[in-house]
Every structure is written in structure tokens, then in C-alpha cells.
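Me: I would like to go through a model with you, one topic at a time. Please keep the answers plain.

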Amino acid sequence: MQVRTLTVGLLALGLVVGVVGMAQVTAGSTAQFTVPALIRLSLSTSTINFGTLDEADYDAGQVDALSAQGIRIWSNKSWTLTVAANSDTWTGPWAKPCTDLLWRAATEDGRVSSYVSTFTPLATGATQVAAGTRGGYIELSMDFRVLVSWENDPAGDYSLGFTYTLTAP
């Protein structure tokens, strides 16, 4: 009986000494990084080619280039896309106004909250094409229409530059 009491006593003493003798220290850490506003704009083509016009185009008064350009947007913030003509007039045999080029956008991407879906004359001032929420690989399709006239558009080559601007305020 004394051996049993001694054994239980030593075990109890070992537990008390073990708990009392244990040391512990902690230190906290933090992971961090900074994400700036990141945006990317990509065009499937930079040239909208209406080809060589014919009498039927002049009789119709216009030529359409449907789904002529794809636009892809990546942004980690809400964004706005605008377009503006680089000049008031086309280069060519006469000063054809930039407003003779019309554009419209189409998309089925749910991250695009608004877009211009009716043909709109190109202007030298920035005009909103679309706006949306953050995300990657957001796609828009652009349709174009050029207005032509027997009276106003003499034979020759015409070109007009325009610029898209993507902002994430």
C-alpha cells in the first residue's frame, strides 16, 4: 500500500512540476500586399475595312461592317470605355465629317452594366461606349456604319483614326 501511495504521489508531483516548469511564448504575424488599379484593353483589329464601295452602297447611302471589331477588357475596378475621333474630318478627296462614321456596341456579358446599342455618330469628344464592373476577359463586339452620298463622296481613299480610352476611376 505504501508503494502504491508513493507511486501515485510521484506521478502527481511529476504532473505538477511538468505544468509548472513548462514555458510558452507567442508572436503574431501579418501578411500584406498592395493592389493598384489594374486595367487592360485589347482590340481584335485596329482597322475597320469597309472595302471598295459600289453603286449599291451609294444607292443605300451606307455600308455596314457588323461585328467588325472585338474589344476585351480586364479591370480590377469598375470601368468606363469611351471612344473619340482623332480629327473632325476623314483624310481623303474632301473633308468628310467624322460624324459619317457611326458605331454601336453589343455584348452578352453580365459584368457590362451599360452600353450604347444604337448607331451613334463618332465625335471628337469622348463618348461613352460602355461601363461595367470589375472582371477579366469582358467582351464587347463593335458594329460600324459609314454614310456615303453620290453628291458628297467623290472617288478616292478615305481614312479616319479614332481612339478608345478605358478608365477605372
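Me: Which residues are linked in a network of salt bridges?
Reply: Lys-96, Asp-100 and Asp-153 are linked in such a network. A salt bridge here is a side-chain nitrogen of Lys or Arg within 4 Å of a carboxyl oxygen of Asp or Glu. Please note that this is a predicted model, in which local features need pLDDT of at least 70 and side-chain atom pairs count only at pLDDT 80 or more, while totals for chains, interfaces and linings use all residues. Residues are numbered from 1 along each chain as its sequence is written, and side-chain values use heavy atoms, with hydrogens and water left out.

Me: Where do Asp-153 and Lys-96 lie in the chain?
Reply: Their side chains meet in a salt bridge at 3.0 Å, N to O. Asp-153 is in the loop between S8 and strand S9 (162-167), and Lys-96 is in the loop between strand S3 (79-85) and strand S4 (101-106), 57 residues apart. Strands (E, at least two residues) are DSSP runs, numbered from the N terminus.

Me: Is Lys-96 buried or exposed?
Reply: Lys-96 is buried, with a relative accessible area of 3%. Asp-153 is also classed as buried, at 6%. Buried means under 20% relative accessible area, exposed means over 50%, and partly exposed is in between, with a 1.4 Å probe and protein chains only.

Me: How many salt bridges are there by this rule?
Reply: The count comes to six. One of them joins Arg-145 and Asp-64, whose closest N and O atoms are 2.6 Å apart. Arg-145 sits in strand S8 (residues 135-147) and Asp-64 in strand S2 (residues 62-75), 81 residues apart. Arg-145 counts as buried at 18% relative accessibility, whereas Asp-64 is partly exposed at 34%.

Me: Which residue does Glu-139 meet in a salt bridge?
Reply: Glu-139 meets Arg-72, at 3.2 Å from N to O. This pair also links S8, which holds Glu-139, with S2, which holds Arg-72, across 67 residues. Both are partly exposed: Glu-139 has a relative accessible area of 36%, and Arg-72 has 26%.

Me: Turning to aromatics, how many aromatic pairs does a search of the whole structure find?
Reply: Four are found. Rings of Phe, Tyr and Trp (its six-membered ring) pair if their centres lie within 6.5 Å; planes under 30 degrees apart count as stacked, over 60 as edge-to-face and the rest as tilted. Among them, Trp-74 and Tyr-137 are edge-to-face, 5.8 Å centre to centre with 70° between the planes. Trp-74 lies in strand S2 and Tyr-137 in strand S8, so the pair ties together parts 63 residues apart in sequence.

Me: Which residue lies over the face of Trp-74?
Reply: Arg-40 does, at 4.4 Å from the ring centre. The rule requires NZ of Lys or CZ of Arg within 6 Å of the ring centre and within 35 degrees of the ring normal.

Me: Which rings form a cluster?
Reply: Ring pairs link Phe-144, Phe-162 and Tyr-164. Phe-144 is buried, at 2% relative accessibility.

Me: Finally, what is the strand order in the open sheet?
Reply: The four strands run S5-S7-S3-S9, with antiparallel pairing. The edge strands, S5 (112-115) and S9, each pair on one side only. Two strands pair if DSSP finds at least two bridges between them; S3 and S7 (residues 127-132) have five.
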